[in-house]
Amino acid sequence: MVRSPGAYERVVSEIEEHRGSSISVPDLSKLLGVKPTTLNARFRREHIEVQTVGRTNYIPCDLAMHLAELHKYALFGWPTLQEASAITTVKDATLKARCEKGKLEGYIDLTKRLRVNPADLERLRSCLIGKVPNGNGESVETREQPRLIPKVHRQSPARNGSALSTPRNLTTNGTRPEIKPRPTTPRNGLRDQVSLAARSLPLLPAPEPHIELITRKSYGLPEAEENGEAKGQSAKTRAVVQQRSAFLDYLPDQPFSISECSVGKVIYYGPYSGTIVKLINDPFTPRIQVSFPDHPHPAMREVQLVVGRRKSKS
């Protein structure tokens, strides 16, 4: 490992020449070997006031000495973490962990790089090659090296002795060994036994569904009223309808078509009789205007009744 302790002393002496005045950031960056943008970024991050003349920043001599003190191990020539890993063939994470535990001496420079003491690296390297035993008894994790797997050449049975030349399915006497059948056991135990028992049982036919008709008799009502309501009309109403077969009988739930209506035709609406006065042939809601002169209520003596749509001619 190449060391240059005189570099740090040379930088300190040049900074001392600016004692009592300020030094420009570009000049300090040349002395430390750091980019000016790295120093300016540190000033902004730590809120350090600088003096700006034109486009150049100037800092006091004391601050420059502090920065040189932080960067002295880089000036000494201490290797970075990656360089130390390449020298010792130890992983970067292992070296960093040892520095954090204090087993290796390391410092961070102005560029945020970890510098490792080369003396510790020489001792660690000696432990790896076996010159000096590892004092703390811990194993050092090194980089994985490619391992060469030897190729195994398998020899045929004919090249070996007579015992190996015998086929596997024959005994030494030349006869085939007796193969005993394996006892068959269910794979899933009780579940397989239950399924086999279920398959051996005969399948019974499905029972016929029980259908029960609920009528008025089920609720204690007389059957005569039920038969009369099932047919829809009483005997008296059927007689009246037969007498009015030549006329129109208006039922609000089952109105007749407007095709059966004409002006002057008689219409029965319950116990009242009337005459069609006007046809209102609306395509959606057809109506007829009927006059009931004998109705007791004056408002019902001329009304409009809704009828069915006109039947299409087939």
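The largest nonpolar core of this predicted model has 21 residues, and those with the most contacts inside it are Ile 15, Leu 28, Leu 32, Leu 39, Ile 59 and Leu 67. A nonpolar core is here a set of buried Ala, Val, Leu, Ile, Met, Phe, Trp, Tyr and Cys residues joined through side-chain atoms within 4.5 Å, where buried means under 20% relative accessible area, exposed means over 50%, and partly exposed lies in between (1.4 Å probe, protein chains only). At least two residues of this core come from each of α1 (5-16), α2, α3 and α4; helices (H or I, at least four residues) and strands (E, at least two) are DSSP runs, numbered from the N terminus. Apart from this core lies another, of 13 residues, which includes Tyr 250, Ile 276, Ile 288 and Leu 305.

Residues are numbered from 1 along each chain as its sequence is written, and side-chain values use heavy atoms, with hydrogens and water left out. As the model is a predicted one, local features need pLDDT of at least 70 and side-chain atom pairs count only at pLDDT 80 or more, whereas totals for chains, interfaces and linings use all residues. The protein chain contains eleven helices and ten strands, and 25% of its 314 residues count as buried. Of the contacts in the protein chain with a separation of 6 or more, 48% are between residues 24 or more positions apart, contact meaning heavy atoms within 4.5 Å.

Two packed helices are described by the angle between their axes and the distance between the axes. For helix α2 (residues 25-32) and helix α3 (residues 36-45), the angle is about 115° and the axes are 9 Å apart; axes are lines fitted to C-alpha atoms, for helices over the stretch in contact, and angles run from 0 to 180 degrees between N-to-C directions. The crossing of α2 past α3 is right-handed, a crossing being left-handed if the near helix is turned anticlockwise from the far one by less than a right angle, and right-handed if clockwise. On the α2 side, Val 25, Pro 26, Leu 28 and Ser 29 meet Pro 36, Leu 39, Asn 40 and Phe 43 of α3. Six of the residues in this contact are nonpolar, two are polar and none is charged, with Ala, Val, Leu, Ile, Met, Phe, Trp, Tyr, Cys and Pro counted as nonpolar, Asp, Glu, Lys and Arg as charged, and the others, Gly among them, as polar. Leaving aside neighbours within four places in sequence, Leu 39 is in contact with Val 25, Leu 28, Ser 29, Val 34, Leu 67 and Leu 110.

An open sheet of three strands, in the order β1-β3-β2, has antiparallel pairing, two strands being paired if DSSP finds at least two bridges between them. Its edge strands, each pairing on one side only, are β1 (22-24) and β2 (51-53), and neighbouring strands of the sheet are turned by 35° against each other on average, direction ignored. Three bridges link β1 to strand β3 (residues 56-60) in the antiparallel sense, and Ile 23 has Ile 59 in β3 as its bridge partner. Across β1 and β3 lies helix α4 (residues 61-70), which runs at about 85° to β3.

A further open sheet is made of five strands in the order β6-β7-β8-β9-β10, with mixed pairing; its edge strands are β6 (248-249) and β10 (302-306), each of which pairs on one side only. Strand β7 (residues 266-269) and strand β8 (residues 272-280) are paired in the antiparallel sense over four bridges, with Tyr 272 in β8 as the bridge partner of Tyr 269 and Gly 274 in β8 opposite Ile 267. The hairpin of β7 and β8 has two residues between the strands, and within this hairpin Gly 270 takes a positive phi near 70°. Between β8 and strand β9 (residues 287-291), which run antiparallel, there are five bridges, with Ile 280 opposite Arg 287 in β9; the hairpin that joins β8 to β9 passes through six residues.

Most residues other than glycine have a negative phi. Thr 89, in the loop between α6 (81-88) and α7 (92-100), has a positive phi near 55°, and Thr 89 counts as partly exposed because its relative accessibility is 35%. Lys 112, placed in the loop between β4 (106-108) and β5 (114-116), likewise has a positive phi, near 65°, and Lys 112 counts as exposed because its relative accessibility is 61%.
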